Every structure is written in structure tokens, then in C-alpha cells.
Amino acid sequence: MQISHDHLPLRRLGLAAAGSMVLLGIAAGPAAAHAEVSASDPRALAEDVTLSFTSEAESDAAGITELRVVLPQGIAPDAVTLKEAPEGWKLTVTPDGYSVGGAALATGTDAEYSITVRQLPDAKSLAFKTLETYGDGKVSRWIEVPADGQKVDNPAPLLKLQPAAPGAKPIAPSPSPTPTPTPSAATAEPSSPAPAASPDPRKANAEDSGSGNGVVVAVVAAVVVLGGAGAFRWTRRSRPS
């Protein structure tokens, strides 16, 4: 069967296109390892949302031991709880996010876990900057946020949000703890009567001494008066009539 020369350019064009796709696939290979996030309800202001994360293993020598995440604005660290994680891994709250980690995973095993967020903020997208730490100390930094559609080498997990549901509102912040009420005068337990003060022996002696001195003065005065009256009478009787 003779092949028409008119078909040769088309065949060559198809081979060239296939070759280009292969080359593009090879070029995209090294950048395939990355961290991703998905949501059970990807709407702004959605409540009690489960966020699932996957961090692909890059090291051929050690397994992942920890994932350190910086939360986007609008999600407080205390609004996050761990839902699922590799066996033995725990969540630790940090000032700007949290970390999930534990015993090293098997080499080449992706780290997958999920958290529950009290409420998503009112935003169009959320970036969760992530640091992957391996058992040998290696750290992969997925912290770059693309701007204006530009591609970056180490993109942070990015969650695109849909508009909020009609009537959705931000949850009010948790109320501060109610202070313990101070018992009022009506409910306060009666206080025990104060013990009577014991008398000061020195004061008592002084009072007794003062009382004794007063009695002595009164007796002396009476004697003087009586003596004077007797002397007056004796003087009158002694005068010559």
C-alpha cells in the first residue's frame, strides 16, 4: 500500500504534538510533589468545616515527621481541632497556626490529615502555608502564594471559596468567662463573734490603785473636818464667860 505524500505532513504534525505533550509531562514531573487542601463545605462563612490536607513525600531517605501550618487571616488557632491524622500524631496549637506530627511516616508515604474549623472567614481564597519536616531534618517549604495567576515553585495549599450562603453571618466571639460572684451581705455566712478582749492587768491595777487612793483621801478629809469641829467646840468651852 502506497502512502500518499499529502498525509506525511499531518503524521509528522501529530508526532510532534505527542512529543511536546511528553516533554511537558516530564517538565511538570519535579513540580508534581506538593501540598493540597480541600473542604467539606468550601463556602465563605461555612461552619464546622472539615479541611483535608495532603502533603506529598519528596524525600527518598526519610519520612515526614511534622507539618507546620500558618493559618490564614480569619481563622484563629483555637478555632481548629484535629479530626484525623496518622496513628500517634497530635495537633499542637502555635501562635499563628498549628503543627501536626509524631513518629516518622514510612519513607515515600504522603502525610494526610484533616481538621475541623469552627467557621471559614468571608474571603475568596485561603492559603495555608506549610512546612514539611522529615526525619533526617530536611524541610520542604510550601509557602508561596501566587499573585495574578502567576506560577510559583513552592505553592502553599490554596482553598478557593464560593460565596457565602444566604443569611450566613460571622459567629460571635466566645464570651469571656463569667467572674465568680462575690457573696452579698444577705447571703454571706455570719461571721463568728469577735472574742472579748482580755483585760490589761496593768490597767486594772491602775484603776484599783486609783479607787484606793480616793477612799483614803475621803477618810482623811472626814477626819480633818471632824477634828476641826471638835477643836472649835473645845475652844468655845474654854473661853471665860
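The exercises below concern a predicted model and treat its sheet, its aromatic pairs and its charged side chains in turn.

**Exercise 1. Determine in which order the strands of the open sheet are arranged, and which of them are edge strands.**

Solution. Step 1: the open sheet is formed by four strands, in the order E1-E2-E7-E4, and their pairing is antiparallel. Step 2: strand E1 (35-39) and E4 each pair on one side only, and these are the edge strands. Step 3: on average, neighbouring strands of this sheet are turned by 30° against each other, direction ignored.

E1 and E2 are joined in the antiparallel sense over five bridges. Ala35 stands opposite Ser55 in E2. As a general principle, strands of a sheet pair through backbone hydrogen bonds, either parallel or antiparallel.

**Exercise 2. Classify Glu84 as buried or exposed, and identify its contacts.**

Solution. Step 1: Glu84 belongs to strand E4, which comprises residues 80-84. Step 2: the relative accessible area of Glu84 is 53%. Exposed residues are those over 50%, so Glu84 is exposed. Step 3: leaving aside residues up to four places away in sequence, Glu84 touches Tyr113 and Ser114. Step 4: the C-alpha atoms of Glu84 and Thr116 are separated by 9.4 Å, although these residues are 32 residues apart along the chain.

**Exercise 3. Classify the ring pair of Phe53 and Tyr113 and the ring pair of Tyr98 and Tyr113.**

Solution. Step 1: the count of aromatic pairs comes to three. Step 2: in the pair of Phe53 and Tyr113, the ring centres are 5.0 Å apart and the planes stand at 10°. Planes under 30 degrees apart count as stacked, so this pair of Phe53 and Tyr113 is stacked. Step 3: Phe53 lies in strand E2 (residues 47-55) and Tyr113 in strand E7 (residues 111-119), so the pair ties together parts that are 60 residues apart in sequence.

Step 1: the rings of Tyr98 and Tyr113 have centres 6.3 Å apart and planes at 80°. Because planes over 60 degrees apart count as edge-to-face, the pair of Tyr98 and Tyr113 is edge-to-face. Step 5: Tyr98 is located in strand E6 (residues 97-101) and Tyr113 in strand E7, so this pair connects parts that are 15 residues apart in sequence.

Step 6 considers accessibility. Residues under 20% relative accessible area count as buried. Tyr98, at 1%, is therefore buried, and so is Tyr113, at 5%. Step 7: ring pairs link Phe53, Tyr98, Tyr113 and Phe128 into a cluster.

**Exercise 4. State how many salt bridges the structure holds, and describe them.**

Solution. Step 1: the structure holds two salt bridges. In general, side chains of opposite charge can pair when their charged atoms come close. Step 2: Arg43 forms a salt bridge with Asp41, with the closest N and O atoms 2.8 Å apart. Arg43 is partly exposed, at a relative accessible area of 32%.

Step 1: a salt bridge also joins the side chains of Arg68 and Asp96, at 2.8 Å from N to O. Arg68 lies in strand E3 (residues 64-70) and Asp96 in the loop between strand E5 (90-94) and E6, so the pair ties together parts that are 28 residues apart in sequence. Step 4: Arg68 counts as partly exposed at 24% relative accessibility, and Asp96 counts as partly exposed at 34%.

**Exercise 5. Identify the ring over which the charged end of Lys138 sits.**

Solution. The ring is that of Tyr134, and the charged end of Lys138 sits 5.8 Å from its centre.

Terms used. Residues numbered from 1 in each chain as written. Predicted model: local features only at pLDDT ≥ 70, side-chain atom pairs only at ≥ 80, totals over all residues. Heavy atoms only, no water. Helix = DSSP H or I, 4+ residues; strand = E, 2+ residues; numbered from the N terminus. Buried < 20%, exposed > 50% of the residue type's maximum accessible area, 1.4 Å probe, protein only. Contact = heavy atoms within 4.5 Å. Phe/Tyr/Trp six-rings, centres within 6.5 Å; stacked < 30°, edge-to-face > 60°. Lys NZ or Arg CZ within 6 Å of the ring centre and 35° of its normal. Salt bridge = Lys/Arg side-chain N within 4 Å of Asp/Glu carboxyl O. Pairing = 2+ DSSP bridges. Axes fitted to C-alpha atoms, helices over the stretch in contact; angles between N-to-C directions.
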